[in-house]
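Grab a pencil and let's work through a few exercises together. Try each task before you read its solution.

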Amino acid sequence: MAEQTKKRYITNEDLKKHNQPGDIWISIQGKVYDVSHWVKSHPGGEEAIINLAGQDVTDAFIAYHPGTAWHHLEKLHNGYHVKDHHVSEVSRDYRRLAAELSKRGLFDKKEHVTLYTLTCVGVMLAAVFYGVVACTSVWAHLISAVFLGLLWIQSAYVGHDSGHYNVATNKPCNKIIQLLSGNCLTGISIAWWKWTHNAHHIACNSLDHDPDLQHIPVFAVSAKFFKSMTSRFYGRKLTFDPLARFLVSYQHWSFYPVMCVGRINLFIQTFLLLFSNRHVPDRALNIAGILVFWTWFPLLVSFLPNWQERVVFVFVSFAVTAIQHVQFCLNHFAADVYTGPPNGNDWFEKQTAGTLDISCRSHMDWFFGGLQFQLEHHLFPRLPRCHLRGVSPVVQELCKKHNLPYRSLSWWEANVWTIRTLRNAAMQARDLTNPVVKNLLWEAVNTHG
């Protein structure tokens with residue numbers, strides 16, 4: 001009883017007031033933590049915490065952190081507890097399932113997926129160099145370009161895995177694998193990936209908080225973008241101007257062609273972050289890794305006999321990786337969207353609403369990198385991909401129990417849903433009654449409907 005009287009209590013309404021930079025409180029299982037100054041040191045980036053500031057973040061904390069992380073919380077506890085703390089039945093079931101998976105050791109049993117994948121990447125890289133340097137056949141060069149695209153896809157999966165959990169025996173080795181599979185081999189910074197990807201997971205399919213949906217002026221998955229909303233992630237206005245209207249109006253036709261060169265945008269985003277004024281963890285290592293890529297890749301292309309083959313080689317290698325870019329879009333573009341910050345009290349519900357799974361045979365798991373089980377991955381980001389298929393039936397049952405959507409589509413069906421979503425938004429963008437200044441190009445193209 002004496003211990004009980006020492007506790008100080010606040011309400012959820014009081015907690016919500018501490019949701020601004022410099023004054024950030026969160027609660028985990030009813031205990032309140034002041035992370036106002038520590039937030040900049042958060043390994044997952046400050047955006048992940050800022051998006052959930054002033055809320056209960058228990059489910060997100062469980063999803064993202066191993067058991068050892070709980071020991072670091074006490075130093076941030078400010079002595080308060082939430083008086084009206086409530087846990088929904090969905091959250092209770094989610095936490096039970098997470099505890100069961102942990103008890104079975106599934107978060108630690110990674111098998112040898114990373115070793116096999118990196119070995120495959122190494123073999124393909126050797127084949128690419130041999131095909132370009134030692135062969136004179138145009139067909140050998142084209143096949144090498146295809147292999148290069150495939151190894152980029154597989155290497156990106158390793159970078160993705162290592163960003164969510166330690167794929168190696170210790171953190172230094174894990175960081176080396178991150179930089180190798182990301183920066184050195186693909187030219188895409190692991191720092192950029194962490195910055196955007198963690199925010200995506202926390203604010204899954206929030207139009208103004210999830211960077212993975214903010215593709216104005218090229219794409220818009222919802223007519224809500226036509227009001228030029230402000231990106232809370234990038235801190236700038238996503239202006240829906242005449243150019244955006246023109247491009248979005250034909251996005252269901254431009255989607256696949258743009259995906260074929262989508263890798264260029266990832267290169268640009270990497271450079272913009274690494275040479276920005278933002279705080280970037282391991283900036284020097286990330287830049288060094290990028291320099292490795294921009295040394296070996298141009299050198300490889302230079303061995304091709306003429307500029308025509310060089311252009312074709314680069315385009316084919318980029319186009320092959322479009323398969324992966326399309327896959328990422330299929331997982332979310334046609335799912336439910338919302339505006340505003342995420343709500344920590346409906347973690348499970350938001351993940352089910354914002355994701356689509358891709359159904360496939362087990363022998364295709366290597367091709368999709370486990371991310372065809374997108375909902376399972378979002379619910380348990382630290383779960384190694386080798387276990388995602390195994391937990392899928394349990395997640396389905398949980399969704400059924402709470403009347404939540406579990407959408408698993410074939411590759412073809414997912415493409416149909418995505419194109420339909422893009423087309424619906426495109427038709428709305430063509431509505432000339434929207435208050436956007438017209439231009440001569442728009443009028444000329446649409447004169448005859």
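**Exercise 1: two helices in contact**

Work out which residues of α7 meet which residues of α9.

Step 1. From α7 come Gly-159, His-160, Gly-163 and His-164, and they meet Ile-190, Trp-193, Lys-194, His-197 and His-201 of α9. Contact here means heavy atoms within 4.5 Å.

Step 2. Sorted by class, this contact has two nonpolar, six polar and one charged residues.

Before going on, note that this is a predicted model, where local features need pLDDT of at least 70, side-chain atom pairs count only at pLDDT 80 or more, and totals for chains, interfaces and linings use all residues. Residues are numbered from 1 along each chain as its sequence is written, and side-chain values use heavy atoms, leaving out hydrogens and water.

**Exercise 2: the angle**

Find how α7 and α9 are oriented to each other.

Step 1. Helix α7 (residues 138-164) packs against helix α9 (residues 190-202) at about 65°, and their axes are 11 Å apart.

Step 2. The two helices are therefore roughly perpendicular (65 to 115 degrees).

**Exercise 3: a ring pair**

Describe the aromatic pair of Phe-293 and Trp-294, then decide whether each residue is buried or exposed.

Step 1. The rings sit 4.9 Å centre to centre with 85° between the planes, an edge-to-face pair (centres within 6.5 Å, planes over 60 degrees apart).

Step 2. Phe-293 has 0% relative accessibility, so it's buried (under 20%). Trp-294, at 33%, is partly exposed (between buried and exposed, the latter being over 50%).

Step 3. Both rings belong to a cluster linked by ring pairs, with Trp-152 and Phe-318 among its other members.

How values were computed: Axes fitted to C-alpha atoms, helices over the stretch in contact; angles between N-to-C directions. Helix = DSSP H or I, 4+ residues; strand = E, 2+ residues; numbered from the N terminus. Parallel < 35°, antiparallel > 145°, perpendicular 65-115°, else oblique. Nonpolar A, V, L, I, M, F, W, Y, C, P; charged D, E, K, R; others polar. Phe/Tyr/Trp six-rings, centres within 6.5 Å; stacked < 30°, edge-to-face > 60°. Buried < 20%, exposed > 50% of the residue type's maximum accessible area, 1.4 Å probe, protein only.
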